[in-house]
Each structure stands twice: as structure tokens, then as C-alpha cells.
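Please go through the numbered points below with the model open beside you. They cover interfaces, sheets, ligand shells and backbone geometry.

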Amino acid sequence: MKTNRRNFIKISGAGIGTAAIGSSVFSWANGDLLNSAIPTPTFTSKTPTYCEVCFWKCAGWVTKDENGEIWKLEGHKDDPHCNGRLCPRGTAGVGMYHDEDRLKTPLIRVEQNGKQVFKKASWSEAFKVIGDKMKTIAKEYGPDSMALFTHGSGGKFLGHTLKAYGSYNITAPSFAQCRGPREVAFISTFGEGVYSPERTDIRDTRCLVLIGSHIGENMHNGQVQEMSEAIDKGATIITVDPRFSTAASKSKFWLPIKPSTDIALLLAWIHVIINEEWYDKEYVEKNTFGFDQLKDHVQTFTPEWAYGITTIEPKVIRETAKEMANASPAVIVHPGRHVTWYGDDTQRLRAVAILNALLGSWGRRGGFYNPDKVSIPDFPHPPYPNPKHTWKDAADGKFDLATEVVSNALVDATIPNENRDWNIKGWIVNGTNLIHTLPDQERTFKAIEALDLLVVIDTMPMEITGYADVVLPECTYLERYDSIRNSPHREPVISLRMPAVKPKYDSKPDWWIAQQLGFELGLDEYFQYKDIEEVLDWQLKKVGSSLAEMQKIGVKKLKREYDDLYFLEGQENLFNTNTGKIELYATDLANAGFPPMPVYTEHAQPQPGFYRLNYGRAPAHTFSRTSNNPNLVDIMPENELWVNPKVAKQWALKNGQYVWLKNQDEKVSTFSIKVRITERIRWDSVYMAHGFGHTQKKLSRAFGKGASDTELISNVMYDPAMGGTGMRGNFVTILTEKPETVEAS
Amino acid sequence: MRYAMAIDTKKCVGCSDCVVACQIENKVPVGFCRDWIVETTTGTYPNLETEYRSERCHHCANAPCVRCCPTGASHIEEGGVVLVTPDLCIGCGACIASCPYDARYPHPDGYVDKCTFCIHKVRKGEQPACVEVCPTNCLYFGDLDDPNSDVSKKIKERKYKRLKTEAGTDPQLYFLI
Amino acid sequence: MEEEIIISGRMNHKVDPLLHIWGWEIAFYLFVGGLAAGILFFASFYYLRGKDKELPAAIKWAPMITPVILILGLGALFLDLHHKLYFWRLYTTIRLQSPMSWGAWTLMVETPLSIVWSATYVREVFPNWDWKFKWLYALEAFFIKYRRVLAWIMVFYSVILGIYTGILLSAFNARPLWNTSILGPLFLASGLSAGAAVIMGFSKNELERKLFSQLDLVIIGVEIFFIIHLFMGLLASTEVQIEAAQLFLGGQYTLPFWIFVVFIGMVVPALLELLELRGQKIPVIIPVILILVGNIMLRFIIVYAGQASRYLY
Ligand SMILES: Nc1nc2c(c(=O)[nH]1)N[C@H]1C(S)=C(S)[C@@H](COP(=O)(O)OP(=O)(O)OC[C@H]3O[C@@H](n4cnc5c(=O)[nH]c(N)nc54)[C@H](O)[C@@H]3O)O[C@H]1N2
Ligand SMILES: Nc1nc2c(c(=O)[nH]1)N[C@H]1C(S)=C(S)[C@@H](COP(=O)(O)OP(=O)(O)OC[C@H]3O[C@@H](n4cnc5c(=O)[nH]c(N)nc54)[C@H](O)[C@@H]3O)O[C@H]1N2
Ligand code: SF4
Ligand code: SF4
Ligand code: SF4
Ligand code: SF4
Ligand code: SF4
Ligand SMILES: [Mo]
């Protein structure tokens, strides 16, 4: 397998030829079951699981019908992630299992008549190819030249294999493309991150401030539920968003901010709250470090100053600051989750953290609670070898404050560089569609081209699978065990995922793949167990349960051990920062040469004829993951381009018309996107949901539907502190005629 | 007994979970739905209002679909639930044309299908699938004749509107505003 | 700006994005129903008036086609059903509130009637006809004896059938365009006009032609009056009705309606008939065809446009 130029391969001849009949058969399959409008449910069994359609991981039950087929998925009533209610994506999770486009067998890239194609392979053949290559890489470049990109539950198992093999280059896009800046900023302020699920005590809050966080479209279940509960209880919602988001429509105050100027607003709020002495004096005095510096720092950042930048009127800034102060400490200035926007995101999130500190909401009811979780020990194994290199060796001292591995830094470490004696040579990619997930696709392609080995483990033929040397089909979450979900919450809670049905086709779970690969690599001593049941049972017994018990109950709440849900009156709090206090003045940022207190930086605004490319979540989809899900495609088959009526008029656009987009770097969207004319978007931006515009033809429902925002994000604004990839500094213009583009492969 | 549903438009986020849950619970074929979400936006940026409504058959007390049905397939069950009996339905489409809310559709198997208020669940003492699943807890189902039911209480506490009452249908979905 | 959209991807077959549950089948069914009603009405009416000698086309010839077209109409209705094998369920119950139900029953009566009526004249019209069986001759004799009774039943049922074709639609108060009491009389009138036209086409004698020409002129006048009233009524009503009227006043159906239905189907034939009555020689087939075309178009346009007019979204 000497394939340095890695052409995208269409997965053909993979598995049984279902393409022709597939979708139509499925569409009617449900209706054939009974000629009755009323189902007669005589189900056979219910098995516990937790959802894998997004990373909120709601626990639920799988109900099968009388034919032993999965009928429905419902939330687990005892699970605080979902309280018995799954979100639309979780409810439609059964579509992941039914999807006839799924990967069906392992595939190996081979050369046939001068053409690269995928050949169906057995698992042992596939492992042999991977094992041989990984051994060669270990010998020639060192085992730390392998990297693992993973998102989702199976990562733990594969991570174990990789560490046993000798590499710590294990990364997830959930850091540098997602919540990284928030974790770094909060750790630097409070000594602890926000984590997932967020420790926001929304259900008891009296004032919820959402800065770009579009809960309601962002369907992270527990938060949506608690926001709704808060609405019922009459809490005030303040939403800062240039777009009239769903959350904005539920808000008492909507601040239609000029994009990219949030830090100015935050600084003005801090200014008002300090100068009006609306902050929680006792809390601040007792718990914080650097208040005086902060006070000096914000003196010039008046609401009037911010008005010129943000277009938010000074009166509104003061009024909303007062609203927060009135609710304090039961107020949440929500840190958001996907926060890699403009490259100064750590700074922005620091301002958010500071604001919360001033309002005394950290560790308080209705603010941020102290989460707790149990510690589940690893199944015994020998110590891991020490790698010689990590991603930091290739980062030239950049991104020093990163608290997790920076995915894009690993990509950089893969692109050959003469000044560096160490390069990454092989990737295992599990459950992340890097082509759509990482901005600056050209850079991703460049790295992929330089690889000696690319293994992709996925359930679906996605864009990334087309570039693989070996494709391994994982079974869906409904067909497998996974590691225990051990989430930090108001009380520790664990949850089990077990197979409801046998894996379809020749697909296998990650735990098995990780173990078999371990054996192939001769790492048997790290995998001294018969199967996952043995591991889970051993682990569960360590925390006072057992596999048998969890199979019955699915979710178990455990006693808090460490501290209390909220800070106690008069309690001395020690924070895990350099000063042991909440750092309004961040010493770690200062030490690393970054501004210790947030500063506002001006960002580029669109040129005439161009619009800022804004993107976000659609409630019924999770990125690429669901874009081919039959049930969810039915709800939302494609993304739409939100255009303000003023802009539509200027371009003579009609509702429902298809247009193409071209960005500031002349990147043109492969597919067209349907125009939705709506007042809900500003005239200087356009908006679309992320996750559409698939070029992979094997996705029979998703191919060519809508446009991909990632394609148009070629300008990345890196966060110098932690490597986050700011993606909101891209501008597009509208093409009403089909441009000459490369044919999608 | 008079079953009805109240929908809190102040909490609904338009996520369509109720639609998916209904499709799955009732084995509605992919491509069809018994409930749907309407989003209404009024105003000009930045003075805007958006309302989300989860809609389905209104189980009209004065149901034109039942009146116009030539075979009696469309009928009213105990509790005012409007149902279709597939084996009586000839698929003439009269009821579809008669419904001011477009709440019915021809099922691929020929008969006409619509929301049943999940009567199969309700009879077992459960809630309809859409009500059970809604993440914002904004759907309330129950008996209007029972003053303690969720729906009676909501209608008493809150302002509400009903849709297209001018069509004379006496609809039984109450949209809390 | 007001934006109202369905965001859950509702795309129910034959319902979205605009209702189109009824297609050409129903329009055709209504057309032939009206036409047959018109013919059979004139046949039985003039028979009862004792005009079977003067008006042979009306009483004997034109009714010959009604069994065929009624059966075609029933066929079209059958084609339209989505649950065809359950067709017989129509005749297991009578639902007085359902126009569909009594339409089905009316046809159940009217179709055999038209067959019997035609059969009693078949040997007059086709002198070489042979019934082959004795008992058929006996049956013929029996029906000829009771033709008057037949005529009484038929005059009654053809009026019902004619009105039914209009009521079927106007009973749907969900569709603002249909939901007007003018629609029943309008369809009845247009069915009579079509019937008169067909009779004219069959007629070989000047007197009969003239009679039906005059009748037709009057009916067209009435139709135009109804149409004006239809729009006045809609425009004086609520927003949804006004929107429905707009479909014909600048909207999607404006041109086909005013050109095909009103101009070609009513104004032109009326002018031609006027000229004819004034002694101009005009081939009779021209106004006949124009009237039938206008008639079909009226049914099609009202069936389709009615579905596009709605209360919601
Ligand atoms: N349904 C669904 N839910 C999901 C996901 C999903 O895929 N589907 N993904 C989950 C994941 S992994 C994440 S990380 C979260 C992300 O969810 P969030 O953190 O809530 O979302 P963001 O993408 O940060 O924010 C998008 C919003 O930011 C606004 N915005 C754009 N530019 C600016 C600006 O300059 N200033 C301000 N104030 N606002 C701006 C946009 O208009 C949009 O409303 O969602 C989670 N929830
Ligand atoms: N342009 C742009 N880029 C973004 C974002 C954005 O909004 N816009 N959002 C960013 C954020 S917040 C995040 S968190 C990331 C998310 O990035 P990713 O996690 O990469 O998101 P997906 O695109 O959903 O990719 C998931 C992949 O996992 C596969 N998969 C699904 N289930 C399973 C399974 O059970 N096993 C295995 N092995 N594979 C499975 C899917 O088929 C798909 O290929 O993207 C980031 N990148
Ligand atoms: S929020 Fe929805 S998609 Fe995410 S885990 Fe929960 S049910 Fe699944
Ligand atoms: S599930 Fe609830 S919140 Fe979501 S659209 Fe339906 S009613 Fe609204
Ligand atoms: S909403 Fe439509 S289908 Fe439901 S009862 Fe009323 S008229 Fe009938
Ligand atoms: S389609 Fe069925 S339910 Fe509807 S009116 Fe006709 S027979 Fe009745
Ligand atoms: S009540 Fe049942 S049938 Fe009706 S919309 Fe809800 S889930 Fe569907
Ligand atoms: Mo994320």
C-alpha cells in the first residue's frame, strides 16, 4: 500500500447492493407493519443505553417491538441529562441504526489497474494492514508519530491502545474547535472548568444571560429543559446575539450586537457593575484576587464607549447590568459552548468569568453549582510507555495554556516542516468527520496527503472515510457496549450503554476494535480481559454497583463525596489557581505573556457586497452525524441561507431560490443553498446551520443537500493562548448563477 | 370527558421533537407527519417577535371531516377524539379537503391518517408521545371536564388563543400566549 | 414583514405545499355529472310536458350518451379513491351530512335510470336494434308503459345530481373559495347549459335548436350573474375569502378563468347564439364545443383553485 497521494475514493461495492432499493424500501417499511392507525404495542424488551447522537449523552431506554426490531428510544426518567425526555435527534437515534448507507465491512485501499479503490476486507486482513504499518511507523519514526482524532464514546478504548503503543497524541475537536477557550478562561479564573454537562444551575436561576449561546437551537437537552423551567418560574433572559435566535425570542432583553464586538459589551457591563457598586461585595472581597487592578482597567470602558463599538445603547447596557445585579447571585452569564469565534475567545470568556465572579454566581444556587462525579478506576494494566514527543514539540511554544491536546496543532505537526525533526505519520480517526469539522480544509488535505497511514473508524461513509487507507465500520451505539458514562452533575450519576440488538452487517464496537488492534500490535498485556462485560462489571463493582444491576436500572445516582452543591455560608474557599483565589487578574495569562485582564480588539468587518458568514446549530441535527438520518432528513433535509429582506432586495433574491456563495479567499461553495428571507438576521451577515453540503455520494440522502460552512471558512483566527480556531471571520458574497466548480467526488 | 391539548408558545422552541416522537411511536411512514411546527415572525429587525406552535389535528368539537365522511370511517370517540377507522375508509379525500388545518393526509396504505391523540397510550393512562417527549415540557394534555387536569389548569391560568375559530370547527387545541 | 413557515419539514403527500388531494378525476366527475344531469333534466322535463314528438334530440337522442358518461364519471371517481378495495363501503351506509355519500347514492339511482331511459328509446333511435332475448323485450315494454313514472323520478334526481355537483365543493367551509352558496346554483346552471348545448348538437330540427339556443342564452346570463355575485360575495367577506377571490383577480388563475371560462365558454357562444337567432348561419358545433370547453374549464379551475385557497399559512 504505497499511496502517498491520497485521492478521495468513493466507497463502492462495499457491502450488499442496497443503494437501488434502499431508501424507498425503508420509507414504506414502517407503514407496512400494520394497516391500522393505532399501534398495538406488544413489545418484548427494554434495554438501557445512553444517546450518542450528540455529546450530551442522555440516558434512555430502547424498546423493541414484537419482531425484535428497535421500535423507539425514550429518555430515562432518573437521568438528570434528560429527565425522561430525549431531544429530536435522540428520539430519531433509531435512524442511525436503520440507515442503509452505513459502513458494512472493513475496507482497504488498493491499487487496481492504476486506480485506487476500496476492497472489501475481513477484520483480520484489516488489522494486519494497520498493525504492519503502525509497527513500521514505530520503528522508523517512533510510536509518538501516530495520532488519534476521536470524538464520542469509543475514544477511551482507542486512546488506551494508542497510549499502550506509545503515543499521547490523542485529541478531540471538542477542545480547539469548540469549548477550549471557555475551559482555559474558567480554569484561569476559578481553577476549574465549566465541563460537560455545563455546571450552570439554570433551573434555579433568576437571570440567564446568553452571549451567542443559542439554547433551543443548540439542543443540549438538560439546558433546554432547564431554560424552559426557568421561563416557567419567571426568570429573566437576556440574549446577546446579532441574530434573532430562538432564545432571543424568549428573552426580556435581546441585544442585537454587531458581530465580533462582545468583549466591548462585557467590559462595559463590568464597568457599570463595579462603578455602580452592584457587585457582590462580600463574595468579591473574600474570594477574588485583583479587584483593584480590574477596577482601574475598566475605567475607560463606559457604556458610551461600548455603544460606539457594539451599537447597543448605553441605557440598555445599564438596564441589563442592573437586571443581572438584581438577580445576583442567582444569575448566570452563560459561557456558551462552541466559543471559538474570533481568536480572542479566551479573552472574551475571561470577561464572562469575571462578570460571574463579580455577581457572585460561581458556586451559588441559580448560578454555577459545584458538580461531582465518582472516580471509576481503569481496568488494571501495565504502565504506559513515555512518549518522546507530544503535540507541543511541534507548536513552537504556541498555545501554551491549552489544557487539552489541540487538534489543529496535530494537523500542523503532520504537515512536513524542515525545521522539525519529528512529524506525525499516521492518524486514526474515530467518530469525527475532520473534513467538515476542522476549518481551513486545504490545510487538512495537505496533512492527509503527508500521511503514511490513515485509519478511519466510523459508522457512515463520510467525507473523511474517502481519504482512508483502511476504513473500519463501527456498529451504532444501539448495538454495543461502551464505557460507563460518568458525568459530573448535581450528584454523581452513572449510566450504562448496552446493545439492544446485534450489530448489523460486519460492524463491530470500538472496545473490540481497540482490543484486537492491541493484540495485533503485540500489546496483549494491556488487554487482559475476555470482553467488555468483564471490564464493566469490574469497574462497576468498584463504585458499588454491578453490570447485572446496571443492565436492569440503566442509571444510578450516587452520593456526593467531595463537597457541597453550593458554597456554604462562611466557608473558606480555596480555588485551584496560583493565588488560591478567583483571579480577576489572571496570573497564568500574565506569566504566559498574555493580557491578564480582558482587552477588546477590533475585528475586520465585511467589505461592500460581502456578508459575515454566521453559522450555528439546527435543533434537529448534529453536524454531519445526522445529515443522512432518514427520520431527521424528513424534518430538515437541507440547510437554508438566512438573508435579511434588505439584502434580498438588493440582490433581487426570492424565497426558496438557490444561490452559491463565494468567500473572501475566492472559495466557492460546491453546492447551492436555498434562500430564506427573514428579518431574524442582520443585514451585514448571512446565517446557515453547520453540517450540510456533503460531497460524499454514498450518503444517499445528504449528498448535495445544502451548503457547507466549513468549505467557506478558510480564514482561521487562532487563539494565541490555547490554539482555538476562530471561525467567524469569514465573509461571503452571493452568486445567483451556478459557478464553474470542480465536480464533487 | 373532553380531551384537549394546551401548547405553551412561550416555551416551545420549535425543535420538532414532538413530530419525530409521533412518527416513531405511531409508525408514521417517513415522509409523512401527524403534527408539525409553525414559526411566525413579525416585525422588522431589531423589533421582532417569533412564535412557535406545535400543531396537529384540533379534535374539533364540530368536526367537518366527520360530517363529510361518506362511510363513517371518520368518527368521534369517547372524549371527543376524532379518529379514522382504516377498514371503513375509501380514501375519497373529502375529509382532507374539509379540514381547515390540513391535519390529515392519505396514508400510503390508502386510508386517511391523522393524529389520534395517542388514544392507545391515553387509554393505558399514559400521555401522548409528543407530550411525553417535549424537552421544554410545553405540551399539556388532559380532560377539560376535570378541573384538576394539566390542561384545564393551564387554560384557567393563562391567556390562550385557538386557531381559525371562524371556520366554525370549535377546535380543542389551546395555544397559550 | 410577516413570515409564517412550517419548520418541521411537513410535506404530506397531496396536502403540501398546497392541497392537491383532488385532481382531474374529480373535476371530470363533476363535469360529466353536471352534463348528464342537464341532459336528463331536459329529457324528463320535456317528456312530462308531452313534447316527445317535437324535441326528439332532447328526449331520445342526447340521453343515449348519459349512461356512458355517467359510468365514465363513476370510473373517474373510483380512480380517485386511495383505498379502492374498500369502495363498497360507500354503499353500506347513508350519511345525510356527507355530500359525498348522497352523491354516491344519487349516482346509484341516476345511472340505472339513464340506462333504462335510453333503453326504452333504443329501438326508435336505431331501428335495426335487436334485444335478442324475449325477456328483454318484455322488460322494454314494461318500462315504456311506465315512462311517465320514470320521468318523474328522473326529473327529481337530475336536479339533485346537478345541485350535488356544486354542493359537493361548497360544503367544504375549509376552502374559502368553495364555501359559498353561489357555487351550487352556478354548477347547476352550468350543467344545464352544457346539457342544452349537447342537445343542440344532436338536434336536427330548427325549432328544437332555437328553443335550446334561447334557453342556453338565458342560462349563460344567469351564470354570469352568479359569477359576479360569487366575487362580490367573496370580496365582501373576510381576509381569507378576499385572498381566494384574488386568485382570479390578478392571481394565478386569472387568465385561464376569464379567458377560458368566461370569454370562450360563455361570452363568445352567447354572441354566436344571438347572431344565429338573428338569422346568421353559424355551424352549431362551434358554440356547442365552446360551451363544453368552458364547462370543463370551470370545473377544473374551481377544483384546483379551491384547494389553493386556504385558511392557514
Ligand atoms: N441541535 C444541536 N444542538 C447542539 C449541537 C448540534 O450539533 N445540534 N452541537 C452541540 C455542540 S458540540 C456545541 S459546542 C453547542 C454549541 O452551541 P452554542 O455554544 O449555543 O452555539 P454557538 O455556535 O457558539 O453560537 C451560535 C450563535 O451565536 C451567534 N453569533 C454569531 N456571531 C456572534 C457574535 O459575534 N456575537 C454573539 N454574541 N453571538 C454571535 C449566532 O447568531 C448563533 O445564534 O451546541 C450543542 N448543541
Ligand atoms: N464549520 C464548522 N466547524 C465546526 C463547527 C461549526 O459549527 N462549524 N462546530 C465545531 C464543534 S462545536 C464541534 S463539537 C465539532 C464536532 O465535530 P465532529 O465530532 O467531527 O462532528 P460530526 O461532523 O458530527 O462528526 C461525527 C462523525 O462521527 C461519526 N459517527 C457517528 N456516530 C458514530 C459512532 O457511534 N462511532 C463512530 N466511530 N463514529 C460515529 C459520524 O458518521 C461522523 O463522521 O465540530 C466543530 N467544527
Ligand atoms: S441532547 Fe439529544 S442528541 Fe444529545 S445526547 Fe441527549 S438526546 Fe441525544
Ligand atoms: S417538542 Fe416541544 S419544544 Fe419541541 S417543537 Fe414540539 S412542542 Fe415545541
Ligand atoms: S382538525 Fe381537521 S381533521 Fe381534526 S377534527 Fe378538525 S377538521 Fe377534523
Ligand atoms: S377519505 Fe376516508 S375518512 Fe376521509 S371522508 Fe373519505 S372515507 Fe371518510
Ligand atoms: S397526540 Fe399522538 S398522534 Fe397526536 S400528534 Fe401527538 S404523538 Fe402524534
Ligand atoms: Mo462542540
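1. The contact between chain B and chain C takes 50 residues from chain B and 41 residues from chain C, where contact means heavy atoms within 4.5 Å. About 3900 Å² is buried between chain B and chain C, 57% of it on carbon and sulfur atoms. Buried area here is the accessible area (1.4 Å probe) that two parts lose on being put together, summed over both. Two salt bridges are counted between chain B and chain C. Asp102(B) and Arg175(C) form a salt bridge through their side chains, at 2.9 Å from N to O. The rule asks for a side-chain nitrogen of Lys or Arg within 4 Å of a carboxyl oxygen of Asp or Glu.

2. On provenance: this is a predicted model, in which local features need pLDDT of at least 70, side-chain atom pairs count only at pLDDT 80 or more, and totals for chains, interfaces and linings use all residues. Residues are numbered from 1 along each chain as its sequence is written, chains are lettered from A and ligands numbered from 1 in the order in which they are written, and side-chain values use heavy atoms, with hydrogens and water left out.

3. A sheet also links chain B and chain C. Three strands form this open, antiparallel sheet, in the order S3(B)-S2(B)-S1(C). Strand S3 (47-55) of chain B and strand S1 (2-6) of chain C stand at the edges, each with a single partner strand, so one side of each has no neighbour in the sheet. Neighbouring strands are turned by 15 degrees against each other on average, direction ignored. The axes behind that angle are lines fitted to C-alpha atoms, for helices over the stretch in contact, and angles run from 0 to 180 degrees between N-to-C directions. Strand S2 (residues 36-44) of chain B and S1(C) run antiparallel, joined by five bridges. Thr42(B) has Glu2(C) as its bridge partner in S1(C). Pairing requires that DSSP finds at least two bridges between two strands. Helices (H or I, at least four residues) and strands (E, at least two) are DSSP runs, numbered from the N terminus.

4. Now chain B against chain A. This contact takes 56 residues from chain B and 55 residues from chain A. Chain B and chain A bury about 4300 Å² between them, with 57% on carbon and sulfur atoms. On the chain B side, Lys27(B), Val30(B) and Tyr45(B) lose the most area to chain A, together 20% of what that side buries. Five salt bridges are found across this interface. Lys27(B) forms a salt bridge with Asp65(A), the closest N and O atoms being 3.2 Å apart.

5. The peptide bond joining Tyr45(B) and Pro46(B) is cis, with omega about 0 degrees. Pro46(B) lies in the loop between S2 and S3 of chain B.

6. Which residues come nearest to ligand 4? Of the 14 around ligand 4, they are Cys12(B), Cys15(B), Ser16(B), Cys18(B) and Cys134(B). Ligand 5 is surrounded by 13 residues, the closest being Cys57(B), Cys60(B), Cys65(B), Cys99(B) and Arg104(B). A residue is near a molecule or strand if one of its heavy atoms lies within 4 Å of it.

7. Chain A has a cis peptide bond from Ser196(A) to Pro197(A), with omega near -5 degrees. Ser260(A), a residue other than glycine, has a positive phi near 80 degrees.
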